[in-house]
Amino acid sequence: MQISTDKKTQPALAANEEKAISPRLEAWRSFKKNKLALTGATIVLFFIIVAICAPIIAPEGINDQKLPQRLLAPSADHWFGTDDFGRDIFSRVVYGARISLWVGFLAVLGSIVVGCLLGIIAGYYGKWIDALISRIFDIMLAFPSILLAIAIVAVLGPSLKNALIAIAIINIPNFGRLIRSRVLSVKEEEYIMAAKAIGMKDSRILLQHILPNSLAPIIVQGTLAIATAIIEAAALGFLGLGAEAPNPEWGKMLSDAKNFMIQAPWTMFFPGLAIMLTVLGFNLMGDGLRDALDPRMKN
Amino acid sequence: MFAYTIRRLLMLIPVLFGLSLIVFFMIRAIPGDPAQVILGQLATKEAIAELTKQLGLDQPWYTQYANYVGGLFSGDLGESLRTKSPISEEIWPYLAATIELSFCAMVIAVFIGVNAGIISAWFQNSWFDYAAMVLALVGVSMPIFWLGLMEQWVFAINLEWLPTSGREEVRDPVSAITHIYTLDTLLQGRLDQFWDVIRHLVMPSIALATIPMAIIARITRSTMLEVMKSDFIRTARAKGLRMFWVVYKHSLKNAVIPILTIIGLQTGLLLGGAILTETIFSWPGIGRYIYEAIGYRDYPVIQSGILVVAFIFVMINLTVDLMYAAVDPRIKYQ
């Protein structure tokens with residue numbers, strides 16, 4: 001009698017318990033409570049919408065040159081003023097969101113894929129391959145990251161695509177190291193041993209158990225890395241090593257604007273503000289995600 | 001400590017080897033014929049052949065690499081294609097300018113960052129704490145090239161308080177001894193010039209200091225908050241010790257390790273930021289040296305510049321690790 005009631009109540013209890021402590025729900029609740037994180041997420045969402053709806057929002061194209069209207073101050077017609085070619089800066093900043101977000105997402109995605117692959121191989125297989133990959137990471141981290149990016153672009157030639165590749169490459173070791181250390185700790189868990197004992201293949205263990213267990217830190221690190229990637233892309237653009245004219249890349253816009261600092265300071269206000277806000281958004285969101293998903297990483 | 005130092009130095013060997021290898025292959029990774037790319041489309045065959053020979057590209061790569069590393073050990077960094085002078089002689093004035101700028105930036109970042117962090121922790125949840133932490137958040141997200149431009153616009157163009165760019169008054173150049181101008185002007189007793197050099201240093205140092213300052217402030221605050229919760233702090237306060245001493249002596253002493261680490265890490269990162277800052281403020285440092293070399297496709301200068309900066313970066317990180325071990329005895333047993 002006793003046993004049968006136990007059996008009945010057990011699933012219900014388990015379900016209840018799951019509802020109460022589901023880690024995703026817990027994380028979402030903690031994220032929702034964090035005002036700074038929500039502000040960050042709102043800023044990010046805002047820029048994503050701006051980027052997607054750019055053709056609707058922007059009153060003019062990115063390269064509509066009207067020379068009689070060059071260097072006009074901000075007004076009702078041109079909210080952010082016009083640049084030295086008479087182009088509407090507001091429209092260019094709006095379209096610029098596409099470039100910056102695209103470069104940020106794509107570069108970080110690239111470094112996550114390659115970094116995870118190398119990190120998993122290093123952490124799971126160990127031995128000489130771990131030593132080799134870890135040393136390569138050490139060497140890459142021995143360069144100040146922007147310098148390595150500059151070096152890569154100097155070799156490949158300046159362009160937005162090469163800037164993206166460079167940013168993806170310099171971020172690989174960060175993800176690689178992160179995943180490697182996760183794999184090393186997860187590998188020793190009993191359920192991995194159990195999976196091995198029942199003859200599960202390495203690739204399945206990696207994909208089904210180790211990778212999902214490493215997802216939280218990747219999301220956190222990834223969000224923060226997008227912030228850095230956007231700044232790095234803008235920095236390369238500013239140095240003339242990224243986007244080519246007439247692309248409205250924010251960093252490139254700033255470097256063009258610096259020649260008109262005295263006559264038309266507004267040409268440099270808005271692109272810079274856009275970079276700062278986007279980066280701030282990703283940083284705030286990343287910090288919030290870290291506190292919600294992975295409290296251990298706090299320091 | 002000795003064994004740890006040795007181990008840490010041994011770990012340096014593969015990193016330095018890798019560094020030299022990457023920098024060495026940089027020029028060889030240029031798509032197409034490097035000599036052709038450097039000289040451009042209009043170059044004659046003879047010029048290309050000569051440059052190929054000068055760069056040693058006509059030899060097998062292992063011979064080239066052996067020569068290159070051999071050269072490095074004897075202090076030979078190659079020859080600039082543009083100025084035709086040895087890079088090892090040319091590089092010091094640039095390096096000195098960067099060292100001076102980075103040092104100033106770090107002093108500002110540490111002084112303001114650490115104190116802001118301490119006061120924020122001391123008066124947790126006060127308006128100062130909120131303001132400082134919001135500023136720190138903005139500071140971390142600040143594109144320093146934009147901050148630099150804004151500084152120029154406000155302080156040089158509108159207020160006319162500070163010079164827009166450069167390192168010295170062009171009409172009254174500093175006669176260099178060490179190439180660290182603050183030192184040089186003091187050595188020569190030229191206080192007017194010293195003041196001028198300081199005025200040139202202010203804006204680029206602040207721009208460069210912003211991000212490390214923000215990060216140092218945040219870490220200092222969180223570490224101090226943790227320490228100030230400990231029992232011995234409560235004891236110190238119970239003894240009737242003045243809060244100032246509790247904070248600046250007892251707490252800070254115990255919070256010093258994470259703060260020191262972050263300061264070290266940020267010092268290394270400054271070198272990267274220096275490239276951008278130097279470009280904006282026409283600061284003749286190593287970053288600008290490399291940047292200009294990219295424009296002239298002066299690959300030997302790019303290579304050696306990057307190698308020197310990366311080498312300094314590695315050395316700073318090593319020093320931080322060793323200091324870390326010296327302060328915290330637990331490290332070396334790991």
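## Helix packing in chain A

In this predicted model, α11(A) and α13(A) meet through two sets of residues. From α11(A) come A216(A), I219(A), V220(A), T223(A), L224(A), I226(A), A227(A), I230(A), I231(A) and A234(A). Facing them in α13(A) are I275(A), T278(A), V279(A), F282(A), N283(A), M285(A), G286(A), L289(A), R290(A) and L293(A). By class, this contact of α11(A) with α13(A) is made up of 15 nonpolar, 4 polar and 1 charged residues.

Two packed helices are described by the angle between their axes and the distance between the axes. Helix α11(A) spans residues 215-238 and helix α13(A) spans residues 266-293. Their axes come within 8 Å and cross at roughly 165°. Because angles over 145 degrees count as roughly antiparallel, α11(A) is roughly antiparallel to α13(A). The crossing of α11(A) past α13(A) is left-handed.

## Chain B as a whole

Chain B contains 13 helices and 0 strands. Its C-alpha atoms fill a box of roughly 85 × 55 × 40 Å along the principal axes. Of the 334 residues in chain B, 38% count as buried. Among contacts in chain B with a separation of 6 or more, 69% are between residues 24 or more positions apart.

F2(B) lies in helix α1 of chain B, which covers residues 2-28. Is F2(B) buried or exposed? F2(B) counts as exposed, because it has 7 C-beta neighbours inside 10 Å, and the limit for exposed is 12 or fewer. F2(B) and W153(B) are separated by 151 residues in sequence and by 52 Å in space, C-alpha to C-alpha.

## The side of chain B that touches chain A

Contact between the chains involves 36 residues of chain B and 33 residues of chain A. On chain B, α1 is one of the helices that each supply at least two residues to this side. The others are tabulated here with their residue ranges.

| Helix of chain B | Residues |
|---|---|
| α6 | 127-140 |
| α7 | 144-158 |
| α11 | 243-280 |
| α12 | 286-295 |
| α13 | 299-327 |

The largest share of this side, 7 residues, comes from α11(B). By class, the residues of chain B that touch chain A divide into 29 nonpolar, 7 polar and no charged.

Technical notes:
Residues are numbered from 1 along each chain as its sequence is written. Chains are lettered from A and ligands numbered from 1 in the order in which they are written. This is a predicted model: local features need pLDDT of at least 70, side-chain atom pairs count only at pLDDT 80 or more; totals for chains, interfaces and linings use all residues. Helices (H or I, at least four residues) and strands (E, at least two) are DSSP runs, numbered from the N terminus. A residue is buried if 20 or more other C-beta atoms lie within 10 Å of its own, exposed if 12 or fewer, and partly exposed in between; C-beta atoms are placed from the backbone. Two residues are in contact if their C-beta atoms, placed from the backbone, lie within 7 Å. Ala, Val, Leu, Ile, Met, Phe, Trp, Tyr, Cys and Pro count as nonpolar, Asp, Glu, Lys and Arg as charged, and the others, Gly among them, as polar. Axes are lines fitted to C-alpha atoms, for helices over the stretch in contact, and angles run from 0 to 180 degrees between N-to-C directions. Angles under 35 degrees count as roughly parallel, over 145 as roughly antiparallel, 65 to 115 as roughly perpendicular and the rest as oblique. A crossing is left-handed if the near helix is turned anticlockwise from the far one by less than a right angle, and right-handed if clockwise.
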